[in-house]
Amino acid sequence: MARIAGVNIPTAKRVPIALTYITGIGNSTAREICDAVGIDHSRRVNELSDTEVLSIREHIDQNLTVEGDLRREVQMNVKRLMDLGCYRGLRHRRNLPVRGQRTHTNARTRKGPAKAIAGKKK
Amino acid sequence: MARSVWKGPFVDAYVLKKAEATRESGRNEVIKIWSRRSTILPQFVGLTFGVYNGQKHIPVNVSEDMIGQKFGEYSPTRTYYGHAADKKAKRK
């Protein structure tokens, strides 16, 4: 059982994989962390000593924004756009794609599940 | 692709001239511009621009956060009020 960056408890997996369970850490960042702290990529989390876990924790604390802080940061950025009244903000407000994608079809990630339109078929 | 840095930000010359003039006159009036493609520069902060959206000039109060974006971003060109309820659908 290892707690890194707050609530995350990834266990029997290899260290670079386990680290990706933390919001804000993906594959490449996880590998970078392992290299920086000097942990072999094939090691598993439950094989780590306490000092190694501690050094990972410190590395993340010092160099990265993760979890709640990261979410807050992203939210703040979105909110700033919405308050400005610029085009990107308007798109965020409406929950539509922000970067110029088509909305005639697709865009389901932003729009959510398709809603049936009454009487559309003939 | 992003614009080359060595070119500097793009601003239509008449926008600069108009902004300068109102700044000197001290009066805070809406500066009508048609150039939606111009970048918002730091010296525009505090001024009010009327940015043309193809129909009328939308007043835009330039604030610090807007620097580096284009005027057009603050003057939407499309109006969309949602789809009208379909008459045929009600008949069933």
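Tutor: We begin with the domains of this predicted model. The domain assignment divides chain A into domain 1 (2-67) and domain 2 (68-111).

Student: How far apart do the C-alpha centres of domain 1 and domain 2 of chain A lie?

Tutor: The separation of these centres is 31 Å. As for the contact itself, domain 1 of chain A contributes five residues and domain 2 of chain A contributes five residues.

Student: What area is buried between domain 1 and domain 2 of chain A, and what part of it do carbon and sulfur atoms give?

Tutor: The buried area is about 430 Å², with 52% given by carbon and sulfur atoms. On the side of domain 1 of chain A, 84% of the area buried against domain 2 comes from A:Thr23, A:Thr65 and A:Glu67, more than from any other three residues.

Student: How many salt bridges are counted between these two domains of chain A?

Tutor: The count is one salt bridge. A salt bridge requires a side-chain nitrogen of Lys or Arg within 4 Å of a carboxyl oxygen of Asp or Glu. The side chains of A:Arg71 and A:Glu67 form a salt bridge, at 3.3 Å from N to O.

Student: How many residues of chain B and of chain A are in contact?

Tutor: Ten residues of chain B touch ten residues of chain A. The two chains bury about 790 Å² between them, 56% of it on carbon and sulfur atoms.

Student: How many salt bridges and polar contacts are counted between chain B and chain A?

Tutor: There are zero salt bridges between chain B and chain A, and one residue pair is in polar contact, both at pLDDT 80 or more. The side of chain B that touches chain A comprises five nonpolar, two polar and three charged residues.

Student: Which residues does A:Arg31 contact, leaving aside its neighbours within four places in sequence?

Tutor: With those neighbours left aside, A:Arg31 contacts A:Pro16 and A:His41. A:His41 is ten residues from A:Arg31 in sequence, and their C-alpha atoms are 7.3 Å apart in space.

Terms used. Residues are numbered from 1 along each chain as its sequence is written. Chains are lettered from A and ligands numbered from 1 in the order in which they are written. This is a predicted model: local features need pLDDT of at least 70, side-chain atom pairs count only at pLDDT 80 or more; totals for chains, interfaces and linings use all residues. Side-chain values use heavy atoms; hydrogens and water are left out. Domain bounds come from an automatic or database domain assignment. Contact means heavy atoms within 4.5 Å. Buried area is the accessible area (1.4 Å probe) that two parts lose on being put together, summed over both. A polar contact is a pair of N or O atoms within 3.5 Å; within protein, one must be able to donate a hydrogen and the other to accept it, and residues adjacent in sequence count only if both atoms are side-chain atoms. Ala, Val, Leu, Ile, Met, Phe, Trp, Tyr, Cys and Pro count as nonpolar, Asp, Glu, Lys and Arg as charged, and the others, Gly among them, as polar.
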